[in-house]
Amino acid sequence: MAKVVHVIGNGDAVSIFQNKKREGMKVTCNLPPFPVEDAYCTFMVDFKIMNAITIGELDVPGEWIVGARPKVWMDKHPTFFIKRAHQIKEFYTVLPKYAKNYTDFNCGHMAVHYVCNKLKADEVHMYGFDSIFDFNLRSISDLYLSSLRDPTHNNKLKTEWRPIWENMFKEFSNTQFRLYHTHHNIKIKLPDNAKTVVEEKKK
């Protein structure tokens, strides 16, 4: 039986996930925009969300898989680590050779890489990854964390973030990827093991 994993991102079209019951494991990124029943974990990769949790501006329930920068944060803030250790399922510090640094390897990248590399998913279904389809860097996380959306970051979308997806789909060539959005006009080249799925956003 195929191992199916649903990765729930934070882009505008993430509500597509809610259109119907989705069978398989569910994982989320940062603080999901809606409750996800029986989520295996949420992924976090950067300092700003660690800081927000540390100072009490934000709480992220459930179990966490965190990347290299949260690990650095916890090394520097041992009291915070002790307080939250029961939530930490794993530190995942793998950096693929096609990612220049951890800054370029965002939360969605890490979540998809993990479910392929560690969970050995046969199928990965991706929701709310709008920046692959459109020139759209908006994220639900912008509602609780300020994020730069300047020309530098807009350029990184083309030069750094999107190419990582192309390389990741090639790396895991035996995994089937399904990318959900409101149209098929994706902005990267998809190999044979990756396809777009069009659904309307949940109203």
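**From a charged pair to the sheet**

In this predicted model, Glu-63 counts as partly exposed, because its relative accessibility is 38%. Glu-63 forms a salt bridge with Lys-89, and the closest N and O atoms of the two are 2.8 Å apart. The pair links distant parts of the chain, with Glu-63 in the loop between helix 1 (47–54) and strand 4 (64–66) and Lys-89 in strand 5, 26 residues apart. Lys-89 is partly exposed as well, with a relative accessible area of 29%.

Strand 5 also holds Glu-90, which is linked to Lys-118 in the loop between helix 4 (107–117) and strand 6 (123–127); the closest N and O atoms of this salt bridge are 2.5 Å apart. Here Glu-90 counts as buried at 19% relative accessibility, whereas Lys-118, at 40%, counts as partly exposed.

The sheet itself is open and has 8 strands in the order 5-4-3-2-1-6-7-8, with parallel pairing. Its edge strands are strand 5 (88–91) and strand 8 (194–198), each of which pairs on one side only. Within the sheet, strand 1 (residues 4–8) and strand 2 (residues 25–29) pair in the parallel sense over 4 bridges, and Val-27 in strand 2 is the bridge partner of Val-7. Strand 2 also contains Thr-28, which is buried, with a relative accessible area of 3%, and which touches residues including Ile-8, Val-36 and Phe-43.

A further salt bridge joins Glu-199 and Arg-22, with the closest N and O atoms 3.1 Å apart. Because Glu-199 lies in the segment after strand 8 and Arg-22 in the loop between strand 1 and strand 2, the pair ties together parts that are 177 residues apart in sequence.

Notes: Residues are numbered from 1 along each chain as its sequence is written. This is a predicted model: local features need pLDDT of at least 70, side-chain atom pairs count only at pLDDT 80 or more; totals for chains, interfaces and linings use all residues. Side-chain values use heavy atoms; hydrogens and water are left out. Two strands pair if DSSP finds at least two bridges between them. Helices (H or I, at least four residues) and strands (E, at least two) are DSSP runs, numbered from the N terminus. Buried means under 20% relative accessible area, exposed over 50%, partly exposed in between (1.4 Å probe, protein chains only). Contact means heavy atoms within 4.5 Å. A salt bridge is a side-chain nitrogen of Lys or Arg within 4 Å of a carboxyl oxygen of Asp or Glu. Lists of a residue's contacts leave out its neighbours within four places in sequence.
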